[in-house]
Amino acid sequence: MPPPAITIYGDRPVGSRRRRAAVRRRRITMLVGAALVVVLVIVAMPLFKQAYQRATLPLAYAPVIRQQAAEKHLDPALIAAVIYAETKFDARTSPAGAEGLMQILPQTAEFLAHRSGATTFSVSDLGTPEVNIAYGSYYLRYLLDAYGGSQTLALAAYNGGEANVNRWVAHYGRDMSVDEIPFPETRAYVLKVAQAQHDYRQQYAQQLGY
């Protein structure tokens, strides 16, 4: 049986030209598809970055943090970093009874309320984020003043208590380093807050008012 005839056009088989045209169309389709993927990645990247940032380094109540930082003469990133280290912005009551975003103990809050001249304070108020951040910021300011502006000592006292820090200062002096903090948990806490403070400055500069 003789082979099927191939139509000749311009000295080239028509079937061969059609195959080449189909290959070109597939290549063009692939290139267009790849270009669309690149565009989608470029467009979506900031959204993925924001989602990752919110998941790993959350921030809420930024206006309250800025206000308290201005009133208490604090670095807003420090307030955010303490909240992150304490609760990651997920308010709760600890087994020890510490309340809210900044984990304020009721007895600490009552001391701060008395010291600040508050007359209507109730422990239940610590469940209100704005009140909790205000008291936590006041406590940070108080500790910084108590330890001559040393953030290391202030954070150590926030976590480990003033009585412990006072004993350490009596032994090492006020220039004691983070490595000299005897409590591993408190030492890790101070380092965690310092790193988070740096990260909040970098990642939330606009929101925190830098």
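What separates aspartate 145 and arginine 141 in helix H5? The two are four residues apart, so about one helical turn lies between them. Their side chains meet in a salt bridge of 3.1 Å, N to O. A salt bridge here is a side-chain nitrogen of Lys or Arg within 4 Å of a carboxyl oxygen of Asp or Glu.

This is a predicted model: local features need pLDDT of at least 70, side-chain atom pairs count only at pLDDT 80 or more, and totals for chains, interfaces and linings use all residues. Residues are numbered from 1 along each chain as its sequence is written, and side-chain values use heavy atoms, leaving out hydrogens and water. Helices are DSSP runs (H or I, at least four residues), numbered from the N terminus.

**Salt bridges**

- The count comes to three salt bridges.
- Aspartate 145 is exposed, because its relative accessibility is 52%. Arginine 141 is partly exposed at 22%. The cut-offs are under 20% relative accessible area for buried, over 50% for exposed, and partly exposed in between (1.4 Å probe, protein chains only).
- Aspartate 75 pairs with arginine 201, with the closest N and O atoms 2.5 Å apart. This pair links distant parts of the chain, 126 residues apart: aspartate 75 is in the loop between H2 and H3, arginine 201 in helix H8 (residues 184-203).
- Aspartate 75 has 16% relative accessibility and so counts as buried. Arginine 201, at 40%, counts as partly exposed.
- Lysine 72 and glutamate 71 form a salt bridge through their side chains, at 3.7 Å, N to O. Glutamate 71 is partly exposed at 46% relative accessibility.

- Lysine 72 belongs to helix H2 (residues 62-72). Its relative accessibility is 13%, so lysine 72 counts as buried.
- Contact means heavy atoms within 4.5 Å. Leaving aside neighbours within four places in sequence, lysine 72 contacts Ala134, Ser137, Tyr138 and Arg141.

**Tyrosine 135**

- Tyrosine 135 sits in helix H5 (residues 129-146). It counts as buried because its relative accessibility is 11%.
- Residues up to four places away in sequence aside, tyrosine 135 touches Ile104, Ala109, Leu112, Ala113, Ala118, Phe121 and Leu126.
- Tyrosine 135 and alanine 113 are 22 residues apart in sequence. Their C-alpha atoms are 8.1 Å apart in space.

- Tyrosine 61 has a positive phi, near 55°, and is not a glycine. It lies in the loop between helix H1 (14-56) and H2. At 34% relative accessibility, tyrosine 61 is partly exposed.
- Histidine 73, also not a glycine, has a positive phi of about 55°. Its place is the loop between H2 and helix H3 (76-87). Histidine 73 is exposed, at 65% relative accessibility.

**Largest pocket**

- The largest pocket holds about 350 Å³ of space. Of its 18 lining residues, the closest to the centre are Gln103, Leu105, Thr108, Tyr158 and Asn159.
- Helix H4 (106-116) and helix H6 (151-160) are the elements that give two or more residues to the lining. H6 gives the most, with four residues.
- The lining divides into eight nonpolar, seven polar and three charged residues. Ala, Val, Leu, Ile, Met, Phe, Trp, Tyr, Cys and Pro count as nonpolar, Asp, Glu, Lys and Arg as charged, and the others, Gly among them, as polar.
- A pocket is an open set of points on a 1 Å grid over the protein atoms alone, where a 1.4 Å probe fits, with protein on both sides within 12 Å along at least five of seven lines. Lining residues have an atom within 4 Å of a point. Grid points are joined across faces, edges and corners, and a volume is the space filled by probe spheres set on the points.
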